[in-house]
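Have the structure open while you read.

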Amino acid sequence: MAAHLSLGIDIGGTFTDLVLLDPRDGRAVLWKESTTPDDPARGALEGTRRVLERAGARAGDVARVVHATTLFTNALIERKGARTGLLTTAGFRDVLEIGRERKYELYDLFITMPKPLVPRPWRREARERLAPDGSVEVPLDLDGALREVEALVAQGVESLAIVFLHAYANPVHERQAAEAIARRFPDLSLSLSSEIAPEIREYPRASTTVANAYVRPLAERYLDRLEAALRAEGIMGGLFLMLSNGGLTHVAEAKRAPVQLLESGPAAGALAGAFFGRAAGLDRVLAFDMGGTTAKLALVDGGEPLVAYGFEAAREKRFLRGSGLPIQIATVELIEIGAGGGSIARRGELGTLQVGPESAGAQPGPACYGRGGTQPTVTDADLALGYLDAGFFLGGAMRIDRAAAERALGGLAGELGVDATRAAVGVHDVVDENMAGAARVAIAERGRVPREYALLATGGAGPVHAWHVARKLGVRRVVCPPGAGVGSTFGMLMAPARVDRVASFNAPLAEADFAVAETLFARLEEEARRVLAETGADLDRARPRRLADMRYIGQGSEITVAMPERLAEAPVREAFETEYRGLFARTPPGAAIQFVALRLSLSAPMPGAEARLRLAHPPGGQALKGKRPVFFPDTRGEIVTPVYDRYALPPGMAIDGPAVFEEDESTFVIGPGARARVLPDGTILAEMPDDA
Amino acid sequence: MTRRTFDPIELELLWRRLISLVDEAAAALVRTSFSTLVRESYDFSCIVTDATGQSLVQATESIPSFIGTLPATVKHFLRFFPPETLEPGDVLITNDLWLGTGHLPDITVAKPIFRGGRLVAFSASTAHAPDIGGKIRSPEPREVFEEGLQIPPLKLMRRSVADETLVAMIRQNVRTPEQTLGDLWAQVVALDLMEDRLLGLMAGHDLPDLVDLAAEIQGRCESAMRAAIAALPDGTYRSELQTDGLLDTPITIRMALTVKGDSIEVDYTGTDPQVDRAINCALCYTYAMTMYGVKVCTSPALPNNEGAWRPISIVAPPGCIVNPQFPASGGSRMLIGHYLPMLVFGCLGQVVPERVMAACGSPMWGMNQSGVRANGKPYANMFFYNGGMGANARGDGVTCLSWPSNVSSTSIELSEHIAPLRFHHKRLRPDSGGPGKHRGGLGQEILIESRSETPIAVSFLAERTIIPAFGIEGGKPGATGALRINGEAVDPKRQYVLRYGDTVSLATPGGGGHGDPRERDPAALAADLEAGYVTSDAAYR
């Protein structure tokens with residue numbers, strides 16, 4: 001039989017998640033393997049063997065492997081990348097260190113800023129200068145540049161970033177330098193700002209290019225090793241990498257610009273949200289993934305996760321904006337909150353109840369784990385309130401101790417001066433408010449309204465909290481896909497191949513030469529098609545999207561606007577104003593508009609990526625497992641609530657809340673008044689009662 | 001009526017919701033505003049106060065000065081417009097130097113919020129307008145009249161209808177009417193959003209008004225601040241410093257900070273009188289900067305609201321430079337105001353040296369340009385640059401960081417796009433960090449050339465060109481800054497005209513060092529020498 005299976009491998013910090021999917025019938029097999037940090041490929045291979053064995057499949061059956069990894073992000077966080085040098089325009093080598101000059105914390109006198117990835121002695125300068133329009137003002141001094149690079153190579157620098165002022169407008173000097181350097185030092189890895197992030201603003205562009213140079217040698221070694229190892233294992237199917245933008249690419253492109261892979265794991269999670277949302281027929285989805293330590297939120301519009309064109313890596317303070325290294329790469333937009341099952345509840349300095357962001361993690365874990373944790377956590381509260389069943393945690397694979405949870409909560413209740421139930425409800429309520437608050441701000445930043453979205457819950461704790469978070473947000477529908485506890489790995493298997501390219505295009509709208517814009521778009525599309533062609537994606541169904549970064553002249557930041565079919569002043573203006581009004585409710589009178597950059601996004605479906613999942617067990621089992629008292633904050637009391645076996649629910653079944661749905665990796669809870677039904681793929685869609 | 005009580009859980013939930021709603025409004029304001037000052041520099045704030053103008057919550061990203069000034073402005077509004085004169089849909093406005101933030105570009109708007117026919121709260125916002133007319137921002141104006149359009153407390157909107165006369169007056173008086181008004185309407189949108197969310201919250205929690213909730217929130221912060229102050233030994237601590245002032249005439253600021261039980265009084269008696277240049281620091285700004293200094297070294301993590309400020313009072317004799325009287329000018333008030341937290345450190349450092357830092361290379365530096373483009377359209381730009389932070393007991397000062405303000409610098413590529421300028425370098429200044437066991441943060445040096453065929457008027461924010469940032473605990477001062485035009489040192493408080501090819505060099509000051517330089521870790525010193533942050537170890541022997 002021809003190779004037909006799709007294998008997804010997601011290497012996280014603790015676990016490597018694997019999914020083996022048969023696109024012909026939607027059958028999927030899951031496996032969790034411990035990550036092997038010294039050689040991540042080893043754990044991935046071990047997991048591959050196990051998942052194949054479990055599915056009764058052979059290595060030769062695997063038609064393609066899709067891979068996401070936190071390896072490169074971790075290299076940035078732990079500063080374990082290559083010995084990296086930087087070549088800049090004379091006078092500007094310190095731009096990388098000076099940064100934005102802005103504090104991320106107002107009141108901390110002891111603030112520390114992220115150290116640049118390239119230390120000052122390895123930042124060298126070349127004589128050259130371009131004007132803002134890209135014209136050459138001072139020609140490149142090649143001999144001088146080569147002397148500087150020679151000194152760096154002599155000091156053991158193995159990777160070099162080249163970042164010249166205004167190179168986004170004209171790559172000529174960066175390319176001249178790169179060609180000469182490559183001839184003289186063929187082993188030196190080169191990253192050019194005009195190729196990695198050709199956008200105006202020298203600091204974020206330098207930061208991005210340097211980050212690429214920093215992880216590139218590591219990426220080359222690792223991807224070569226993984227590719228060879230999979231071959232040796234007998235897997236002849238292609239290897240594809242998950243990008244931060246929510247698309248896939250091939251190994252050569254990943255090796256060229258590995259900075260595109262930094263957020264591949266979280267992007268897979270958002271994609272899973274988009275996939276399940278589409279499957280449930282929902283257009284706008286707030287993908288809500290809550291695990292042990294953090295919760296992540298992503299907005300999905302029109303069936304696709306919202307993409308931002310910049311994010312921060314390796315933050316000094318994980319949840320503080322501005323404390324990381326700016327990376328100007330298309331990235332699925334994610335909000336990360338310090339809220340998870342392990343989040344610790346305590347009495348704050350002002351006497352109120354605080355939950356998180358400190359987490360008990362997996363060790364010692366929540367008090368109910370019985371591993372020495374004594375501080376009450378969100379999971380302890382969930383257990384005490386009846387959302388979780390002590391006898392069916394992780395499908396019964398792990399025993400948890402309700403008495404220990406209640407002891408820990410009792411201590412907290414004493415400190416707060418409330419009874420134990422109130423404390424447990426409070427923990428649940430406060431952590432949900434933290435997440436809802438972050439969601440409100442994130443939605444406001446994008447000019448959207450929560451009511452337009454459905455909440456899609458994944459992760460171990462997401463389905464437990466989704467109903468209550470939705471109520472706080474005024475969201476009407478809550479969706480919980482099957483296998484929600486490990487959902488993100490599915491996202492990769494359903495991802496299209498995707499390429500995002502950007503080119504500088506600085507012109508007032510009124511004076512713009514649209515023929516030039518057409519030529520630029522055509523060039524970007526041709527580049528993108530070349531990359532896409534090598535992925536084996538269905539190019540006939542490739543969807544190019546032409547976008548432009550635009551703003552009113554004088555504004556400090558741009559919005560990204562989908563371009564009309566015909567590029568001309570009137571339709572472009574209308575597209576811009578429509579987008580602007582959508583975000584900001586009104587347009588200012590009499591202001592002139594300008595282009596800043598053109599973007600092209602090309603995506604095409606991958607073979608085998610359009611399957612419908614079929615995780616539900618064969619029907620016939622007993623759906624109703626029993627009843628237990630569950631506390632619902634809305635009714636301020638316990639209700640004896642039916643508990644269902646998620647796997648035994650027949651598609652089409654309608655169930656009214658309150659109800660609890662248990663599966664191995666998570667528990668989905670819906671409140672009183674909810675009207676739920678089971679969709680064909682096993683997803684549960686619950687709607688709020690009208691009074692909510 | 002019985003007093004509503006809140007258990008620690010409900011209180012936390014309500015508090016979170018209040019913070020979330022001001023942050024939501026701030027996010028909307030950032031997205032809808034025009035000027036880089038709001039969008040890139042976060043030079044704005046949003047708050048909710050109770051019906052008496054006492055602040056409850058403030059947006060997380062607010063800059064420190066507005067945290068102190070905005071609630072006071074709302075209280076001033078109430079003096080001009082008592083509750084019986086306010087109606088739903090009204091929006092109040094002012095940029096008054098004394099009632100606002102100490103300089104005219106900051107426009108404050110506030111909206112009374114009614115529930116059940118009763119005034120229950122205000123939503124309010126301050127944002128730095130891209131232009132407010134007048135002489136371009138520089139220390140040169142002698143009176144407030146030269147600084148631009150003054151808007152006394154007025155109703156910008158009555159029952160949701162804008163006052164077109166006032167709008168027309170603003171439009172006529174500023175260089176960038178679309179942007180200035182665009183930002184103003186963005187502020188109004190933020191006020192509406194706060195009103196909508198607050199009323200939803202009050203309905204959901206069955207709160208007829210905010211009296212009891214405000215008492216609870218403010219009371220808890222007040223108690224925490226009092227406890228932090230009570231932990232300090234009683235006594236009067238004095239410090240003074242000199243600023244560059246006006247050429248040849250330094251200005252002396254004196255502070256006596258008295259800790260008495262659980263309260264602090266800060267007295268500026270003995271400070272030099274106001275001057276006829278725009279560096280006067282109105283009391284509202286003095287208050288904000290002083291509070292900021294006290295907060296960072298007593299209770300940095302405390303949420304911002306009225307309660308936190310109650311234990312602290314300020315005395316400044318009328319007519320001194322930190323309490324100037326009408327018609328003083330104050331456009332560049334930060335040239336005095338940014339020194340004030342360092343005076344607080346001078347006082348409190350005597351009892352809690354581990355919680356303060358050496359002086360910073362602030363006030364912030366900046367270059368303002370204006371001119372007329374080839375197409376006849378006037379333009380104005382302001383670029384900011386920062387010096388190094390002072391070192392502290394835990395480590396070196398951060399290099400080139402905005403403090404106490406929080407204004408990022410403008411990208412060079414963007415600057416060259418929006419102004420006819422060419423930058424020759426933007427680089428660290430070796431040896432500018434004050435030597436110490438912990439070294440002060442480095443300043444930077446920027447060289448800019450005019451490429452404009454038409455003249456460019458330039459003015460500057462530039463301090464510490466004469467008197468450096470001092471070190472503490474035996475640390476040495478940072479390097480002074482320097483401002484040069486065509487290589488010649490010039491008076492930073494004056495305005496100049498650049499012609500094609502003229503150059504401006506701004507060298508920002510370094511921060512002061514902490515501790516005896518001879519105690520510096522040899523490995524840290526070697527690393528500094530290798531990086532070129534320090535070019536000679538002479539100061540460390």
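**Notes on the predicted model**

1. Let's start with a covered strand. In this predicted model, seven of the ten residues of strand β26 (residues 543-552) of chain A are buried, so the strand is mostly covered. β26(A) pairs with two strands, and I'd go through them in turn. With strand β28 (residues 593-604) of chain A the pairing is antiparallel and runs over ten bridges; R543(A) has S603(A) in β28(A) as its bridge partner. With strand β27 (residues 559-562) of chain A the sense is again antiparallel, over four bridges, and here M550(A) is partnered by I559(A).

2. Next, the parallel sheet in chain A. Four strands make up an open sheet in the order β6-β5-β9-β10, with parallel pairing. At the edges are β6 (123-126) and β10 (189-192) of chain A, each of which pairs on one side only. Direction ignored, neighbouring strands are turned by 25° against each other on average. For a pair to click on, take strand β9 (residues 159-163) of chain A and β10(A): they are joined in the parallel sense by four bridges, and I162(A) stands opposite L192(A).

3. Two helices pack on that sheet. Helix α4 (residues 142-154) of chain A touches β5 (84-89), β6 and β9 of chain A, and its direction makes about 165° with that of β6(A). Helix α5 (residues 172-184) of chain A touches β5, β6, β9 and β10 of chain A, and its direction makes about 175° with that of β10(A).

4. Now the antiparallel sheet in chain B. This one is also open and has four strands, in the order β13-β12-β16-β19, with antiparallel pairing. β13 (378-385) and β19 (496-498) of chain B are at the edges with a single partner strand each, so one side of each has no neighbour in the sheet. The twist from one strand to the next averages 25°. Strand β12 (residues 365-372) of chain B and β13(B) share eight bridges in the antiparallel sense, with Q369(B) partnered by N381(B) in β13(B).

5. On to the domains of chain B. The chain is divided into domain 1 (8-222) and domain 2 (357-541). Taken over C-alpha atoms, their centres are 33 Å apart. Where they meet, 15 residues of domain 1 are in contact with 15 residues of domain 2. The domain 1 side of that contact has five nonpolar, four polar and six charged residues.

6. How many residues of chain A are in contact with chain B? There are 59 from chain A, against 61 residues of chain B. On the chain A side, α3 (95-98), α7 (202-232), β22 (353-359), α12 and α16 (569-584) each supply at least two residues. α12(A) gives the most, with eleven. By class, this side of chain A divides into 28 nonpolar, 15 polar and 16 charged residues.

7. The axes of helix α12 (residues 420-445) of chain A and helix α1 (residues 8-32) of chain B come within 8 Å and cross at roughly 5°. The two helices are therefore roughly parallel to each other. Among the residues meeting there are R422(A), D429(A), E433(A) and R440(A) from α12(A), and E12(B), R16(B), D23(B) and R31(B) from α1(B). The residues of this contact divide into seven nonpolar, four polar and eleven charged.

8. Last, some backbone geometry to check. Most residues other than glycine have a negative phi, and most peptide bonds are trans. The bond from G657(A) to P658(A) is cis, with omega near 5°; P658(A) is in the loop between β31 (654-656) and β32 (659-662) of chain A. The bond from F326(B) to P327(B) is also cis, with omega near 0°, and P327(B) is in the loop between β11 (312-315) and α9 (334-337) of chain B.

9. Two arginines have a positive phi. For R201(A) the value is near 100°, and the residue is in the loop between α6 (193-196) and α7 of chain A. For R464(B) phi is near 60°, in the loop between β16 (456-461) and β17 (482-485) of chain B. Are these residues buried or exposed? R201(A) is buried because 20 other C-beta atoms lie within 10 Å, and R464(B) is buried with 29.

Methods
Residues are numbered from 1 along each chain as its sequence is written. Chains are lettered from A and ligands numbered from 1 in the order in which they are written. This is a predicted model: local features need pLDDT of at least 70, side-chain atom pairs count only at pLDDT 80 or more; totals for chains, interfaces and linings use all residues. Axes are lines fitted to C-alpha atoms, for helices over the stretch in contact, and angles run from 0 to 180 degrees between N-to-C directions. Angles under 35 degrees count as roughly parallel, over 145 as roughly antiparallel, 65 to 115 as roughly perpendicular and the rest as oblique. Two residues are in contact if their C-beta atoms, placed from the backbone, lie within 7 Å. Ala, Val, Leu, Ile, Met, Phe, Trp, Tyr, Cys and Pro count as nonpolar, Asp, Glu, Lys and Arg as charged, and the others, Gly among them, as polar. Two strands pair if DSSP finds at least two bridges between them. Domain bounds come from an automatic or database domain assignment. A residue is buried if 20 or more other C-beta atoms lie within 10 Å of its own, exposed if 12 or fewer, and partly exposed in between; C-beta atoms are placed from the backbone.
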